[in-house]
Amino acid sequence: MSKNTRTDGFRRTDIDKFDEDKFKQETDAVEFDSSEVEAKKKESIALLNSQKKTDALRTLLSSPPLSYHSPQLQSVKTEYLKAVLDVLGAFKMSEIPGAVKELSEDDCDMLMKYLYRGMEYLSRPRIQNAQEAEYDEQRSAYAGNLLTWHKHTTELAGVGCIVRVLADRKTV
């Protein structure tokens with residue numbers, strides 16, 4: 001029999017801090033508003049127009065609106081998602097592997113978040129008027145493009161990227 005079985009060190013752990021009733025949700029540190037989203041969208045469009053697609057993608061992935069399931073930020077996050085989807089849709093299929101290789105590991109993680117969020121958004125869009133319905137119809141045309149992005153991002157960043165995205169509580 002081991003001598004360490006008589007130790008009571010395990011009893012010093014405060015298990016009350018893990019109680020669900022006492023859990024406190026972390027607050028969002030960064031407040032994002034629609035003007036910042038518009039500025040990022042304009043910057044990414046300018047980069048797309050100058051044929052710097054990877055830089056446009058990096059610009060959007062660098063500081064997205066992240067939150068812990070905040071309903072206040074939902075419209076801002078949806079507009080930002082649409083901008084990311086537009087940039088991803090601007091890439092040709094043959095350009096995607098090269099673009100993914102230029103991204104850092106953090107950028108790949110953020111890209112993976114947007115890929116999953118984009119797949120969710122395209123599977124059940126929230127349409128409010130006819131003009132928005134037409135715009136969503138154009139976006140749904142490159143749903144297969146998202147799968148190609150997913151394939152190449154997973155090849156580069158590995159399965160760990162998927163696990164980090166699914167385990168992260170901050171959503172895009």
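The model is predicted: local features need pLDDT of at least 70, side-chain atom pairs count only at pLDDT 80 or more, and totals for chains, interfaces and linings use all residues. Residues are numbered from 1 along each chain as its sequence is written, and side-chain values use heavy atoms, with hydrogens and water left out. The protein has eight helices and zero strands. Helices (H or I, at least four residues) and strands (E, at least two) are DSSP runs, numbered from the N terminus.

**Overall fold**

- From the N terminus on, the order of elements is α-α-α-α-α-α-α-α.
- Of the 172 residues, 37% count as buried. Buried means under 20% relative accessible area, exposed over 50%, and partly exposed in between (1.4 Å probe, protein chains only).
- Take the contacts between residues at least 6 apart in sequence: 78% of them join residues at least 24 apart. Contact means heavy atoms within 4.5 Å.

**Aromatic pairs**

- The whole structure holds two aromatic pairs. Rings of Phe, Tyr and Trp (its six-membered ring) pair if their centres lie within 6.5 Å; planes under 30 degrees apart count as stacked, over 60 as edge-to-face and the rest as tilted.
- Y80 and Y114 form a tilted pair, because their ring centres are 6.1 Å apart and their planes stand at 40°.
- Y80 sits in helix 3 and Y114 in helix 5, so this pair ties together parts that are 34 residues apart in sequence.
- Y80 is buried, at 0% relative accessibility. Y114 is buried too, with a relative accessible area of 0%.
- F91 and W149 make an edge-to-face pair, with 5.0 Å from centre to centre and 85° between the planes.
- F91 belongs to the loop between helix 3 and helix 4 (96-101), and W149 to helix 7, so the pair ties together parts that are 58 residues apart in sequence.
- Both F91 and W149 are buried.

- T148 lies in helix 7. T148 counts as buried, at 18% relative accessibility.
- Leaving aside neighbours within four places in sequence, T148 is in contact with M93 and I96.
- T153 is also a helix 7 residue. Its relative accessible area is 0%, so T153 is buried.
- With neighbours within four places in sequence left aside, T153 contacts V100, C108, L111, M112, L115, G158 and C161.
- Y142 is in the loop between helix 6 (130-140) and helix 7. Y142 is buried, with a relative accessible area of 15%.
- Y142 touches L85, D86 and G89, not counting residues up to four places away in sequence.
- Y142 and L85 are 57 residues apart in sequence, with 8.8 Å from C-alpha to C-alpha.

**The loop between helix 4 and helix 5**

- E102 lies in this loop. At 46% relative accessibility, E102 counts as partly exposed.
- E102 touches T54 and R58, not counting residues up to four places away in sequence.
- E102 and R58 are 44 residues apart along the chain, and their C-alpha atoms are separated by 9.4 Å.

**Helix 8**

- C161, I162 and V165 are the buried residues of helix 8 (residues 159-167). They cover an arc of only 100° around the axis, so they lie on the same side of helix 8. The arc is that of the directions from the helix axis to the C-beta atoms.
- The buried residues of helix 8 pack against helix 5 (105-123) and helix 7 (143-157).
- V159 and A167 are exposed, on the face turned away from the buried side of helix 8.

**Largest pocket**

- The largest pocket holds about 290 Å³ of space. On a 1 Å grid over the protein atoms alone, a pocket is an open set of points where a 1.4 Å probe fits, with protein on both sides within 12 Å along at least five of seven lines; lining residues have an atom within 4 Å of a point. Grid points are joined across faces, edges and corners, and a volume is the space filled by probe spheres set on the points.
- The lining has 14 residues, and K113, R117, E120, T171 and V172 lie nearest the centre of the pocket.
- Helix 3 (74-90), helix 5 and helix 8 each supply at least two lining residues. Helix 5 gives the most, with four.
- By class, the lining has four nonpolar, three polar and seven charged residues. Ala, Val, Leu, Ile, Met, Phe, Trp, Tyr, Cys and Pro count as nonpolar, Asp, Glu, Lys and Arg as charged, and the others, Gly among them, as polar.
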